[in-house]
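Dear colleague,

Please find the structure for your review directly below. My notes on it follow, arranged by topic.

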Amino acid sequence: MLRQALLAISKSERAERLISTSPLTAGVVGRYVADDVGEVIGELTRKGLLVTVDHLGEEVTDQRQAEEGVAEYLRLLALLPAGADVSVKLTALGLRLSEPLALDHAAAICRAAAAANVTVTLDAEEHDTIPGLHSVHAALRKDHPDVGVVVQAYLPDSLDRCEKLGGVRVRLCKGAYTAPGAYTRPADIDRSFVRCLRVLMAGTGYPMVATHDPRLVRIASTLAVLEGRDATGFEHQMLYGVRPDEQLRLAGQGARMRVYLPYGSDWYPYLMRRLAERPRNLAFFLRSLVSR
Ligand code: FAD
């Protein structure tokens, strides 16, 4: 119930105006969103962590905004070390306006990323954008075979999707939105996650295991060993600000550990999704509002 309510609030412009213009939210935002992205990338990489950087923004409805999003990614790519990744939301590049427009924009980012020795991963968003996501991903792969894509385990067709994505860099996550017919019970989502993991680990692609769930992290590491993958054959991914000690622990053990690092002023829907995932964070958020 609370999750649904917070996800609904994440789409409310009124709530966004109220919350995002309040100076009181800055402390909470700073926990999950980089203020100085260049500085945070430096800090994380010095600690042995890899990064995937996301310029916040989504659901763009005018072409100029979409072009500004591309320009920002091109500026970002100049800052990134080789081996970094950028996470891209196609709705920030104009997918709601037209698929060919989003494809052109994503292709421009992929070309610049290849020149910088950086990979690109396409985030998965609302359920009605998933067909467009996979069609753009397939088109991009013709020239950029290493472009990655996200699969959300809460979608019942996620297993089928993983089976079709042989040879691909696939980030597997539980899913942060809502979708008709999606699994909603945590146990069902976890089972789907493990089924997908089995296929990805046994397959020919590169699995990127995006979860903070200690049990799923352990299962992923075990399956990788069983499938004969060494530490370079898959990676763990976690969000900036979530379980930072665990991120360092995994990196310290020699695992590839990539931190999803968002930055930019359009942080509101991202933060609301993080609160929806973990009601305890809502209490932290509310406390920080009253304790200043
Ligand atoms: P949960 O069931 O939320 O949590 C399991 C356990 O992890 C908790 O019990 C707790 O111990 C710990 N934990 C979880 N969250 C927190 C927290 N905020 N603070 C402290 N501890 C916590 N979703 C999409 O729909 N599309 C995407 O493209 C996408 N990309 C992602 C990229 C990365 C790198 C990550 C990590 C997640 C991404 N997500 C994406 C979000 C994902 O779908 C989940 O909503 C989110 O990761 C929470 O699920 P979980 O697997 O961590 O497990």
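Into which domains is the protein divided? The model is a predicted one, and its two parts are domain 1, which covers 1–17 + 264–292, and domain 2, which covers 35–263.

**The domains and their contact**

Taken over C-alpha atoms, the centres of domain 1 and domain 2 are separated by 22 Å. Where the domains touch, 9 residues of domain 1 are in contact with 9 residues of domain 2. On the domain 1 side, helix H1 (2–9) and helix H12 each supply at least two of the residues involved. The most comes from H12, which gives 4 residues to that side. By class, the domain 1 side that touches domain 2 consists of 4 nonpolar, 2 polar and 3 charged residues.

**The ligand and its surroundings**

The ligand is surrounded by 23 residues, of which Asp-123, Cys-173, Ala-210, Thr-211 and His-212 are the closest. The largest share belongs to E7, with 3 residues. In terms of class, the shell comprises 10 nonpolar, 6 polar and 7 charged residues.

**Helix packing**

Two packed helices are described by the angle between their axes and the distance between the axes.

The pair H5 and H6 is taken up first. Helix H5 (residues 63–77) packs with helix H6 (residues 99–115) at an angle of about 10°, and their axes are 9 Å apart. Angles under 35 degrees count as roughly parallel, so H5 is roughly parallel to H6. From H5, the contact uses Ala-66, Val-70, Tyr-73, Leu-74 and Leu-77, while H6 contributes Leu-101, His-105, Ala-108, Ile-109, Ala-112 and Ala-113. This contact has 10 nonpolar residues, 1 polar residue and no charged residues.

H6 also packs with helix H7 (residues 130–141); here the axes come within 10 Å and cross at roughly 45°. This angle makes H6 oblique to H7, and their crossing is right-handed. On the H6 side, Glu-99, Ala-102, Leu-103, Ala-106, Ala-107 and Cys-110 take part, and they meet Gly-132, Ser-135, Val-136, Ala-139 and Leu-140 of H7. The classes in the contact of H6 with H7 are 8 nonpolar, 2 polar and 1 charged.

The remaining pair is H9 and H10. Helix H9 (residues 186–202) and helix H10 (residues 214–226) have axes 10 Å apart and pack at an angle of about 20°. H9 and H10 are therefore roughly parallel to each other, with a right-handed crossing. In this contact, Asp-190, Phe-193, Val-194, Leu-197, Arg-198 and Met-201 of H9 meet Leu-216, Ile-219, Ala-220, Leu-223 and Ala-224 of H10. The contact of H9 with H10 contains 9 nonpolar residues, no polar residues and 2 charged residues.

With kind regards

Terms used: Residues numbered from 1 in each chain as written. Predicted model: local features only at pLDDT ≥ 70, side-chain atom pairs only at ≥ 80, totals over all residues. Axes fitted to C-alpha atoms, helices over the stretch in contact; angles between N-to-C directions. Parallel < 35°, antiparallel > 145°, perpendicular 65-115°, else oblique. Left-handed = near helix turned anticlockwise from the far one by under 90°. Contact = placed C-beta atoms within 7 Å. Nonpolar A, V, L, I, M, F, W, Y, C, P; charged D, E, K, R; others polar. Near = placed C-beta within 6 Å. Domains from an automatic or database assignment.
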